[in-house]
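Work through the exercises below with the sequence and the model in view. Try each task before reading its solution.

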Amino acid sequence: MTSEQDAIDTAVDAVVSAVRAGDTAALYEAVMPPAGVRTPPDEAARWFGLLLIRLALAASAACELERGCSREALSRWIADVLGPPPTPALIRGADPARIDHVAAASAAADHARYVAYTVDLMGVGLATPGEDVDPRIVDAHQAATNDKTTRINVIVLLASLAAAPSRQG
């Protein structure tokens, strides 16, 4: 195993632990490439891309579904684990003086998009051997790798799913 693989394995474990503990500072530290903020952009993109795939594989391993399951079955499992998605009313209710309906609706739509990317990325670990790569996986991976906000939200969702009690562990 290479030192990069060791570092990714360590990061995956640290990210899952940080999310399980609700420790935002530890999560920030765990997702950072080994060279931290000094990491060149192309190396950082590679790091985050690998981290996303490894977290997707960890979440897929924790999943109660078999390889080749439908996207709908995976979506239901994710909803069961994560609970109901936040609605605009729920988001606005957290601080109605600061959060207007437009911002709340936008946040709810963003969350739905992050969950959809999570479903797509978990498809990597649930595909049957020899199955063609679903283009949605590639699109989700690119979107999550290239946007910081999307990336951290998808990382948190994948880590939450990887931390879920499962039949394997």
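**Exercise 1.** Leaving aside its neighbours within four places in sequence, which residues is Val119 in contact with? State also whether Val119 is buried or exposed.

*Solution.* The model is a predicted one. Begin by locating Val119, which lies in helix 6. Beyond its neighbours within four places in sequence, Val119 is in contact with Arg71, Leu74, Ser75 and Ile78. Next, take the accessibility: Val119 has a relative accessibility of 4%. Buried means under 20%, so Val119 counts as buried.

**Exercise 2.** Find how helix 4 and helix 8 are oriented to each other, and which residues form their contact.

*Solution.* Two packed helices are described by the angle between their axes and the distance between the axes. For helix 4 and helix 8 the angle is about 85° and the axes are 10 Å apart. Angles of 65 to 115 degrees count as roughly perpendicular, so helix 4 is roughly perpendicular to helix 8. Helix 4 brings Trp77, Ile78, Val81 and Leu82 to the contact, and helix 8 brings Leu157, Ser160 and Leu161. Sorted by type, the residues of this contact are 6 nonpolar, 1 polar and no charged.

**Exercise 3.** Which members of the largest nonpolar core touch the most other members?

*Solution.* This core has 42 residues, and those touching the most other members are Val15, Leu51, Leu55, Leu74, Trp77, Met122 and Leu158. Elements that give two or more residues to the core include helix 1 (3-21), helix 3 (41-62) and helix 6 (101-126). Now take Leu51: apart from neighbours within four places in sequence, Leu51 is in contact with Ile8, Ala11, Val12, Val31 and Ile155.

**Exercise 4.** Which element has the lowest mean pLDDT, and which the highest?

*Solution.* Helix 7 has the lowest, 89, and helix 8 the highest, 95. For the protein the mean pLDDT is 91.

Technical notes. Residues numbered from 1 in each chain as written. Predicted model: local features only at pLDDT ≥ 70, side-chain atom pairs only at ≥ 80, totals over all residues. Heavy atoms only, no water. Core = buried A, V, L, I, M, F, W, Y, C linked by side-chain atoms within 4.5 Å. Buried < 20%, exposed > 50% of the residue type's maximum accessible area, 1.4 Å probe, protein only. Helix = DSSP H or I, 4+ residues; strand = E, 2+ residues; numbered from the N terminus. Contact = heavy atoms within 4.5 Å. Axes fitted to C-alpha atoms, helices over the stretch in contact; angles between N-to-C directions. Parallel < 35°, antiparallel > 145°, perpendicular 65-115°, else oblique. Nonpolar A, V, L, I, M, F, W, Y, C, P; charged D, E, K, R; others polar. pLDDT = per-residue confidence, 0-100.
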